[in-house]
Amino acid sequence: MEQDRLIACHDCDALFQKPRLGRRRLARCPRCKAVLYGSTSGRLDPICAMTIAALITFLIAQGFPILELNTNGITSQTSLFGALQVLWSEDMQVVAVMVFCSTMLFPLIELVALLYVLLSVRAGFVPPAFHQVMRAIQFVRPWGMIEVFMLGVLVTIVKMTSLARVIPEAALFAFGALTLMFAVVVTFEPRTLWDVADTLTKHKTRQARRRTQRVAQQRASGTAPRQG
Ligand SMILES: [Zn+2]
């Protein structure tokens with residue numbers, strides 16, 4: 001629509017055509033110098049940084065022990081993976097699979113897929129299988145339940161303190177941080193990425209059409225285009 005390409009200055013009401021901005025650029029009103037809007041890559045930067053931080057925290061949360069229990073001088077530690085192994089060996093395979101999917105597999109798929117599309121779009125191109133990856137993100141998002149797991153661990157700690165000495169380990173803090181990071185990551189609207197990808201595709205098509213027209217004009221005027 002024509003209106004989509006127009007923007008009015010908030011300060012002086014002047015109407016402008018929306019130009020496409022480069023990375024980290026700001027569009028300013030030429031009359032009063034007020035900022036009209038920023039480039040989309042600027043909007044993607046904070047969420048991109050948060051996703052990378054969440055991925056690193058996720059690896060810490062999975063790799064380190066969550067708790068250390070001390071009862072009558074006997075100390076035992078467990079990580080999430082260790083807890084899954086115990087569930088599996090105790091004939092609770094369904095629970096083990098559910099915990100594995102909701103706390104490891106789906107959050108990991110969401111973070112990796114989000115990072116894949118964010119980094120590509122930020123670099124200025126639409127990655128292969130963009131639509132499938134975006135649908136995968138929307139599919140796995142409701143199934144990631146790190147916050148529920150965190151709540152379960154906290155309740156367990158409170159109940160266990162009367163039976164044993166409970167020492168929180170690195171992964172517990174990592175899970176706490178991850179819960180907050182996920183809360184920020186899910187505020188990001190995937191629609192923004194669809195919009196940016198749409199703009200990039202239109203821009204590429206326009207460039208290709210212009211290139212074809214230029215080649216046709218050069219051929220018509222008798223000058224062959226240079227190869228390479
Ligand atoms: Zn203005």
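Residue numbers start from 1 along each chain, following the sequence as written. Because the model is predicted, local features are reported only where pLDDT is at least 70 and side-chain atom pairs only at pLDDT 80 or more, whereas totals for chains, interfaces and linings use all residues.

The chain is assigned two domains, domain 1 (1-38) and domain 2 (40-191), with bounds that come from an automatic or database domain assignment. The centres of domain 1 and domain 2, taken over C-alpha atoms, are separated by 40 Å.

Helices and strands are named here as DSSP runs, numbered from the N terminus (H or I and at least four residues for helices, E and at least two for strands). Three strands make up an open, antiparallel sheet in the order β6-β5-β7; two strands are taken to pair if DSSP finds at least two bridges between them. Its edges are β6 (74-78) and β7 (165-168), each of which pairs on one side only. On average, and with direction ignored, neighbouring strands of this sheet are turned by 20 degrees against each other. Angles of this kind run from 0 to 180 degrees between N-to-C directions, and axes are lines fitted to C-alpha atoms, for helices over the stretch in contact.

Strand β5 (residues 67-71) is joined to β6 by five bridges, the two running antiparallel, and to β7 by four bridges, again in the antiparallel sense. On the β6 side, L69 has S76 as its bridge partner and E68 stands opposite Q77. On the β7 side, E68 is bridged to I167, and L67 stands opposite P168. As a reminder when following these strands by eye, side chains in a regular strand alternate between the two faces of the sheet. β5 and β6 also form a hairpin with two residues between them, and N72 in the turn has a positive phi of about 50 degrees.

Attention now turns to the helices. Two packed helices are described by the angle between their axes and the distance between the axes. The axes of α3 (residues 93-123) and α4 (residues 130-140) come within 9 Å and cross at roughly 145 degrees. This crossing of α3 and α4 is left-handed, meaning that the near helix is turned anticlockwise from the far one by less than a right angle (clockwise would be right-handed). From α3, F106, I109, E110, A113, L114, Y116 and V117 meet F130, V133, M134, A136, I137 and V140 of α4, where contact requires C-beta atoms, placed from the backbone, to lie within 7 Å. By class, this contact holds twelve nonpolar, no polar and one charged residues; Ala, Val, Leu, Ile, Met, Phe, Trp, Tyr, Cys and Pro count as nonpolar, Asp, Glu, Lys and Arg as charged, and the others, Gly among them, as polar.

A second pair is formed by α5 (residues 146-160) and α6 (residues 170-185), which pack at an angle of about 145 degrees with their axes 9 Å apart. Here too, α5 passes α6 in a left-handed crossing. The contact involves I146, E147, M150 and V153 of α5, together with L172, F175, G176, L178, T179 and F182 of α6. Its residues divide into seven nonpolar, two polar and one charged.

Within α5, M150 is worth a look. Beyond its neighbours within four places in sequence, M150 is in contact with F175, G176 and T179. M150 and T179 are 29 residues apart along the chain, yet their C-alpha atoms are separated by 7.7 Å. M150 counts as partly exposed because it has 19 C-beta neighbours inside 10 Å.

D91 lies in the loop between α2 (80-89) and α3 and, although not a glycine, has a positive phi near 65 degrees. With 9 other C-beta atoms within 10 Å, D91 is exposed. A129, in the loop between α3 and α4, is likewise a residue other than glycine with a positive phi, near 60 degrees. A129 is exposed, with 12 other C-beta atoms within 10 Å.

Terms used
Contact = placed C-beta atoms within 7 Å. Buried ≥ 20, exposed ≤ 12 C-beta atoms within 10 Å, placed from the backbone.
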